[in-house]
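Thanks for coming, everyone. Let me put the structure on the screen, and then I'll walk you through a few backbone details and a pocket.

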Amino acid sequence: MARNRTFNEISVGDTATIHRVCTANDLVIFAHASGNLNPLSLPHDKDLDGRTDPDTVAPSMWVGSQISAILGNSLPGAGTRYRSQTLNFHERVHVGDDLAITVTVTAKHEPGIVILDCTLTNQKGQLVADGIADVLAPTEHIDIPDAALPKLVVQRHEKFTRMIHACQTLPPLTTAVVYPTDRSSLGGAVLAAEARLIDPVLIGPGERIRALAAEMGVDISHYPLIEILQSEAAAAHSVELVHQGKVGAIMKGNLHSDELLHEVTKAGTGLRTNHRISHIFVMDVPGMDHLLLVSDAAINILPSLETKVDIVQNSIDLALALGISQPRVGILSALETVNPKIPSTIDAAVLSKMAERGQIKGGIVDGPLAMDNAVDLEAAKTKGIASLVAGRADVLIVPNLEAGNMLAKELTFIAHADAAGLVLGAQVPVILTSRADDEKSRLASCALAQLYQAYRKTGKALLDLNGVSGAQQ
């Protein structure tokens, strides 16, 4: 509980200081609140993944608003009313700057007028701004509880930005792009190639693909293009290129997923391994401080317990490749207790025990958990769940495809998450993109394939998400 200072309690020479670090979120929120859309003051990707962009400067009025904060919160505090404020600006403020805001009382006048000298300095000791505040100080005490403001969520996907940035140290992954005969699939492949995430090998009807590229205004002349008219044959050839060691990933184009996966899983000629293939959504959810993996929402319709073992292991392997050193896996059901009438709760209990016995490796597995107590610590505490996973899961394993598909789409269209996806369990990763995916999601899916393949080769993750992972809280 904070208390203000009344006019009678204030003396000339009284001073107060607060500190404020300028963040990329501050600039976005100020742009919304003020309507000032000056591009000089809008953050760029460099600001979003921890690297300061020196060209981005905070609006001067955002700088000045920090004086309002100290007057309203500290000296004099609650009940203070402005009469006037002068401001002089000397240095620019950038994302990451640590500002010290100081006010000092220089004069008092009846009735209730207080004059304060105001200065703002940065972490280098440079004077950023100064001025004089003329305020009416409160005449009565006001006790201020910790402010319970409504939360603001800035819809930004800095975790995907970090993933893509981490791949800049890797050579592009040679990728068979199967039947890229529509704008979304060809555009996604070209976009990923321009970002140096993949080296595409285009497979499909050449005349049709070239005409589409010309219509889109993109140059594909420097990408290999293998002429195959039928989509099924194109899918089969992509698998053959893997066997020949010519590509390290497969990317779905304008064909049905079943056509491609049929060739990937075909006995004898496909890309089967000892693991069942499964799809993993990697979700960058606004308001969550870590990535959230959801599986399986696209391939295994009603997985058996044996299949769920592989779904869990594939998900853990991808989480490890993303730098989550000990992924916490929540096995979802409708409730958090084992109920013989609900088979998914029994599967969850068995999977948890298998992880304890080392039959599932690399992560901490617990279940059954309901959705709320899997991702929210307070919900888990309310239910009295003592678990290393509950409330902080990095990975969510759904009971069936229907539940997973609904969960992923709810996160995408209601929670405004970005979603990237990858199919694991084959000899190489398979990138499945959707027409609804935006550019960042397409790039992130290709980055997943790159990071996963690099992890398989070296056993080391290039990306370190431990600092923001729920598994580390």
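Start with H416, which sits in the loop between helix 13 and strand 18. Keep in mind that this is a predicted model. H416 is not a glycine, yet it has a positive phi of about 60°. Most residues other than glycine have a negative phi. Is H416 buried, exposed or partly exposed? Its relative accessibility is 41%, so H416 counts as partly exposed.

Now a second case. Y179 also has a positive phi of about 60°, and it is not a glycine either. Look for Y179 in the loop between strand 9 (173–178) and helix 5. Y179 is buried, because its relative accessible area is 9% and the cut-off for buried is under 20%.

Next, peptide bonds. Most of them are trans. The bond from E110 to P111 is cis, with omega near 0°. P111 lies in the loop between strand 5 (98–109) and strand 6 (113–121). Another cis bond runs from S295 to D296, with omega near -5°. D296 is in the loop between strand 14 (292–295) and helix 9 (305–321).

Last stop: the largest pocket. Its volume is about 950 Å³. Of its 39 lining residues, the closest to the centre are F281, K409, T433, S434 and D437. Which helix gives the largest share of the lining? Helix 13, with five residues. Helix 5 (183–194) and strand 18 (418–424) are among the elements that each supply at least two. By class, the lining has 14 nonpolar, 16 polar and nine charged residues.

Note on methods
Residues numbered from 1 in each chain as written. Predicted model: local features only at pLDDT ≥ 70, side-chain atom pairs only at ≥ 80, totals over all residues. Heavy atoms only, no water. 1 Å grid on protein atoms, 1.4 Å probe; cavity = no way out; pocket = protein on both sides within 12 Å on 5 of 7 lines; lining within 4 Å. Points joined across faces, edges and corners; volume = space filled by probe spheres on them. Helix = DSSP H or I, 4+ residues; strand = E, 2+ residues; numbered from the N terminus. Nonpolar A, V, L, I, M, F, W, Y, C, P; charged D, E, K, R; others polar. Buried < 20%, exposed > 50% of the residue type's maximum accessible area, 1.4 Å probe, protein only.
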